[in-house]
Amino acid sequence: MLFEESLIETLPQRKKGRIKSYLIGTVIGYSFIVASLMVGSILLVHPQLNESFVSGVLLSAPPPPPPPPPPAAAPSQPAQIATTRIITTSFVPPTMTPRQLPDASDLPTVDGALSSGVPGGVAGGVPGGVLGGTVGGVLGGVLGATPAAAPAPPPPTPEPAPTPAPDKPQPVSTGVLLGNTIRQVQAAYPLLAQKAQIQGIVEVRVIVDEQGSVVAAEPLNGHPLLRPSAIEAAHQWKFRPTLLNGHPIKVAGVLRFIFRLS
């Protein structure tokens, strides 16, 4: 009984498994057919996709085999090296000793070489000179040419123009002015100033021209009674000319006159 029940229960299960496998296979087959139809219709409608599909299939093909290697190059011939023949101009000693020396009479003497000259030359001439030249001439000079004139001396340098004396008198110190004094004149004491017992110092500014003479005098200070006598005495003074760059100029200085009662 148990075996029969197991048979009854297994048969429906087997039928269900076969039906299920058949359905799955049918669905897969129809799906493949439908997909093929869709791809074919798309390729027929769009030729560009068809070309890209075909090119993709061709590109996916394996690459062709590489070309054979190029033939080996022929061996190059070695370049010919040019041989140069070296000629030595220096003295080469003989390899063999001569058995007999040459006669000394056959060799030219030094005196004969010096005494021999060119036909038509002049005694004392320069070796290599021109026929008909003169003694002491220049080697390479032209026959009959006149000697070149000596170059002219450069013009003398002009002396600088003398500096003109300035019109305005140049101030000098009292010491310089007194150092150039030739004649000094003392001022006379005014009688009125003596009676009034007036004493003091009068400073007078003087202008000395190029010859050393006082051309102007003016009092700078001092008592009014003493000033006229000081100015009169200042005009009588005499000086040596004051030089500037070697030229006499006008100068201005101060003279002092002292009035004192004894």
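A residue is called buried when its relative accessible area is under 20%, exposed when that area is over 50%, and partly exposed in between, using a 1.4 Å probe and protein chains only. By this definition isoleucine 182 is exposed, because its relative accessible area is 53%. The structure is a predicted model, in which local features need pLDDT of at least 70 and side-chain atom pairs count only at pLDDT 80 or more, while totals for chains, interfaces and linings use all residues. Residues are numbered from 1 along each chain as its sequence is written, and side-chain values use heavy atoms, with hydrogens and water left out.

**Isoleucine 182**

- Isoleucine 182 belongs to strand S2, residues 181-183; strands (E, at least two residues) and helices (H or I, at least four) are DSSP runs numbered from the N terminus.
- Leaving aside residues up to four places away in sequence, isoleucine 182 touches Lys238, Phe239 and Arg240, where contact means heavy atoms within 4.5 Å.
- Between isoleucine 182 and glycine 212 there are 30 residues in sequence and 8.9 Å in space, C-alpha to C-alpha.

**The largest nonpolar core**

- A nonpolar core is a set of buried Ala, Val, Leu, Ile, Met, Phe, Trp, Tyr and Cys residues joined through side-chain atoms within 4.5 Å.
- The largest such core has 22 residues, of which Val206, Leu255, Phe257 and Phe259 touch the most other members.
- At least two residues of this core come from each of strand S3 (200-208), helix H6 (227-234) and strand S8 (251-259).
- Valine 206 has contacts that include Leu177, Val214, Ala234 and Leu255, not counting residues up to four places away in sequence.

**Helix H6**

- The buried residues in H6 are Ser229, Ala230, Ala233 and Ala234.
- These buried residues line one face of the helix, because they fall within an arc of 135° seen down the axis of H6; the arc is that of the directions from the helix axis to the C-beta atoms.
- Pro228 and Glu232 are exposed on the other side of H6.
- The cover over the buried residues of H6 includes S3, strand S4 (214-219) and S8.

**The second largest pocket**

- The second largest pocket holds about 160 Å³ of space.
- Its lining includes Thr174, Gln184, Trp237 and Arg256.
- S8 gives the largest share of this lining, five residues, and helix H4 (174-179) and S8 each supply at least two.

Notes:
1 Å grid on protein atoms, 1.4 Å probe; cavity = no way out; pocket = protein on both sides within 12 Å on 5 of 7 lines; lining within 4 Å. Points joined across faces, edges and corners; volume = space filled by probe spheres on them.
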